[in-house]
Amino acid sequence: IQAAHIGIGISGKEGMQAVMSSDYAIAQFRFLAPLLLRHGRWSYHRVAKLVNYFFYKNLAFTLTQLWFQFYCGFSGQRLYDDYYQALYNVIFTSLPILILGMFDQDVDGQQALNTPQLYLAGPNNQSFNPLLFGAWLAYGVWHSLVIFFFPVYFYEASLGPDGTGTGIWSLGTVVFS
């Protein structure tokens with residue numbers, strides 16, 4: 001248990017020492033296969049998606065503010081209202097991850113048990129590797145460009161004849177949403 005990444009203790013006649021020093025405790029050895037092949041596989045895929053999504057959403061959100069700084073001459077003007085910045089991580093991190101954690105199962109649990117080869121996706125880094133991570137980062141940059149410049153284009157096109165518009169906060173609300 002001391003050399004493993006995660007300790008699994010099996011309670012039995014030998015006592016509770018292994019259970020007390022483990023991360024997970026199971027009652028019988030037969031529960032080990034479902035723990036590893038089903039829940040371990042699902043957990044790996046969920047954590048890989050979480051890490052990729054975390055960097056993607058923060059990159060897309062932060063770069064829109066960088067693109068805005070080119071428009072305002074790096075004056076420090078904010079694109080978003082303070083409430084948007086405060087609630088961004090609450091709304092766009094907690095809710096999607098809760099839903100992902102509750103409902104994401106790429107394969108049926110019984111299929112994961114019957115096909116142990118599916119477990120190799122984790123050790124082979126099929127859901128989290130530098131190429132996939134780079135793709136998520138590229139999507140974040142691309143989406144930040146689209147999220148910012150499309151509203152700016154239509155915002156500039158909607159200026160009145162005297163050059164007045166609806167204001168910077170309305171642009172920030174459209175870009176945020």
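Is Asn-52 buried or exposed? Asn-52 is buried, with a relative accessible area of 1%. Buried means under 20% relative accessible area, exposed means over 50%, and partly exposed lies in between (1.4 Å probe, protein chains only).

This is a predicted model, in which local features need pLDDT of at least 70, side-chain atom pairs count only at pLDDT 80 or more, and totals for chains, interfaces and linings use all residues. Residues are numbered from 1 along each chain as its sequence is written, and side-chain values use heavy atoms, with hydrogens and water left out.

- Asn-52 is found in helix 2. Helices are DSSP runs (H or I, at least four residues), numbered from the N terminus.
- Helix 2 covers residues 32-71.
- Leaving aside neighbours within four places in sequence, Asn-52 is in contact (heavy atoms within 4.5 Å) with Ser-127, Phe-128, Leu-132, Phe-133 and Trp-136.
- Leu-50 also has its place in helix 2. Leu-50 is partly exposed, at 30% relative accessible area.
- Leu-50 and Trp-67 are 17 residues apart in sequence. In space they are 26 Å apart, C-alpha to C-alpha.
- Ala-135 lies in helix 5 and is partly exposed, at 29%.
- Ala-135 and Tyr-56 are 79 residues apart in sequence, but 9.4 Å apart in space, C-alpha to C-alpha.

**Aromatic rings**

- The structure holds 18 aromatic pairs. Rings of Phe, Tyr and Trp (its six-membered ring) pair if their centres lie within 6.5 Å; planes under 30 degrees apart count as stacked, over 60 as edge-to-face and the rest as tilted.
- Tyr-56 and Trp-136 form an edge-to-face pair, 5.9 Å centre to centre, with 75° between the planes.
- This pair links distant parts of the chain: Tyr-56 is in helix 2 and Trp-136 in helix 5, 80 residues apart.
- Tyr-56 counts as buried because its relative accessibility is 18%. Trp-136, at 25%, counts as partly exposed.
- Trp-67 and Phe-70 form a stacked pair, 6.5 Å centre to centre, with 20° between the planes.
- Trp-67 and Phe-70 are three residues apart in helix 2, so about one helical turn separates them.
- Trp-67 counts as buried at 17% relative accessibility, whereas Phe-70 counts as exposed at 53%.
- One aromatic cluster is formed by Phe-61, Tyr-80, Tyr-84, Tyr-88 and Phe-176.

**Loops with a positive phi**

- Most residues other than glycine have a negative phi.
- Phe-74 has a positive phi of about 55°, although it is not a glycine. Phe-74 is found in the loop between helix 2 and helix 3 (82-103).
- Phe-74 is exposed, with a relative accessible area of 52%.
- Asn-125 also has a positive phi of about 55° and is not a glycine. Asn-125 lies in the loop between helix 4 (109-114) and helix 5 (130-157).
- Asn-125 is partly exposed, at 40%.

**Salt bridge**

- The structure holds one salt bridge. A salt bridge is a side-chain nitrogen of Lys or Arg within 4 Å of a carboxyl oxygen of Asp or Glu.
- The side chains of Asp-82 and Arg-78 meet in a salt bridge, at 2.2 Å, N to O.
- Asp-82 is partly exposed at 45%, and Arg-78 is partly exposed at 40%.

Definitions and conventions: Helix = DSSP H or I, 4+ residues; strand = E, 2+ residues; numbered from the N terminus.
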